[in-house]
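Trainee: Could you walk me through this one? I am new to reading models like this.

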Amino acid sequence: MKEVCLPFTDLKDNEIAEVEIRISERKRVLKYRIESFALAPPEKKKPGTNEKINLLREMIKAYDPDWELIQILDSNEGSNYVQLLYRYKK
Amino acid sequence: MLRTEELTKVFRSDEVETIALNRVNLAVEQGEYVAVMGPSGCGKTTLLNILGLLDIPTNGKYWFDGQEVSQLSEVKRTRLRRGQIGFVFQSFNLIDELTIYHNVELPLLYMGVSASERRKRVSKVLEQVKITHRRKNFPQQLSGGQQQRVAIARAVISNPKIIFADEPTGNLDSVNGEEIMNLLSQLNSDGTTIVMVTHSPADADKAHRIIQLFDGHIVTENIRKAVKIS
Ligand SMILES: Nc1ncnc2c1ncn2[C@@H]1O[C@H](COP(=O)(O)OP(=O)(O)OP(=O)(O)O)[C@@H](O)[C@H]1O
Ligand SMILES: [Mg+2]
């Protein structure tokens, strides 16, 4: 087994989820975080695609270097948020 | 091995226009193992199909093995693919009417390889993916994991320089998926370049480099380990 699937019942657009996994025998702790980024303030018009992409690139670059980006998650259709899965570097 | 410059793909149908790839700049070195990740619909398959010469870009340039191929005709692309490129798909794409043996042999027939040479190579590769005992069966008689092993055998039979794999473990349970991943890693350590699309972070971890696509753009790359230069 290499992956565990955790269903989140109600993770809102702008909420951060943190998951910690302890593997006792190997004394290893894995920490994951799902971070939400707003790509545009909800009341504003959507930025043009390129603007949005540059913003996302900047946000990823500026993120806490102790955490590494694992995956960009599927977001809800029409959402102005993008959710990123990070893992804590030991 | 391959390089793109401002690679762009636009799909037009009636009123809607989808920019599936937006100015993608990418280079893959010989011997590298690259994973491509990103949300559904971000352009992963589109990218793989263009890199694998199954499709052509709307704009931009693409060099495959030193040759600019972005606007090559279908005939020329097919010729270039044969013997150079292997494909592995999520849904295996085996031919139901052919036995396992003949599915794997098919690329060699297209290449005009002699019968005795064909027999030798098919036997060897079936052995490699541990499916020899099933060579007389038809795809539908095999499990998903077994079918994907056959698909890998078919992809490597022509000794391609590069293998493109689109979610190769997408339809498999974790045990069978792991076996397929081990086969791909083995092929890579033997020198085959691999570009693999995946939704699985664990599978992506096997690669040297992970590319994150979003909305048709490469947003970031992450080096996992050094490429072993052979
Ligand atoms: N033949 C086509 N005609 C029109 N639109 C297409 C075509 N192929 C792909 N698209 C569109 O291009 C975009 C990228 O599709 P693509 O199949 O490359 O996504 P993907 O990243 O592989 O997604 P998934 O993870 O779901 O397989 C999508 O919006 C899709 O609807
Ligand atoms: Mg796809």
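Mentor: We can go through the contact between the chains, then the charged pairs, then the pocket. This is a predicted model, where local features need pLDDT of at least 70 and side-chain atom pairs count only at pLDDT 80 or more, while totals for chains, interfaces and linings use all residues. Residues are numbered from 1 along each chain as its sequence is written, chains are lettered from A and ligands numbered from 1 in the order in which they are written, and side-chain values use heavy atoms, with hydrogens and water left out.

Trainee: OK, how many residues does the contact take from chain A and from chain B?

Mentor: It takes 20 residues from chain A and 25 residues from chain B, where contact means heavy atoms within 4.5 Å. Together the two chains bury about 1,800 Å², with 52% of that on carbon and sulfur atoms; buried area is the accessible area (1.4 Å probe) that two parts lose on being put together, summed over both.

Trainee: And how many salt bridges are there between chain A and chain B?

Mentor: There are three salt bridges between chain A and chain B, a salt bridge being a side-chain nitrogen of Lys or Arg within 4 Å of a carboxyl oxygen of Asp or Glu. One joins Lys52(A) to Asp215(B), at 3.2 Å from N to O. Arg224(B) also forms a salt bridge with Glu68(A), their closest N and O atoms being 2.9 Å apart. That pair runs from the segment after β10 (217-223) of chain B to strand β3 of chain A; helices (H or I, at least four residues) and strands (E, at least two) are DSSP runs, numbered from the N terminus.

Trainee: Switching topic, what volume does the largest pocket have?

Mentor: Its volume is about 1,300 Å³, taken as the space filled by probe spheres set on grid points that are joined across faces, edges and corners. On a 1 Å grid over the protein atoms alone, a pocket is an open set of points where a 1.4 Å probe fits, with protein on both sides within 12 Å along at least five of seven lines, and lining residues have an atom within 4 Å of a point.

Trainee: Which residues are closest to its centre?

Mentor: Of the 35 lining residues, the closest to the centre are Glu3(A), Val4(A), Cys5(A), Leu85(A) and Pro201(B). β4(A) gives the most to the lining, with five residues.
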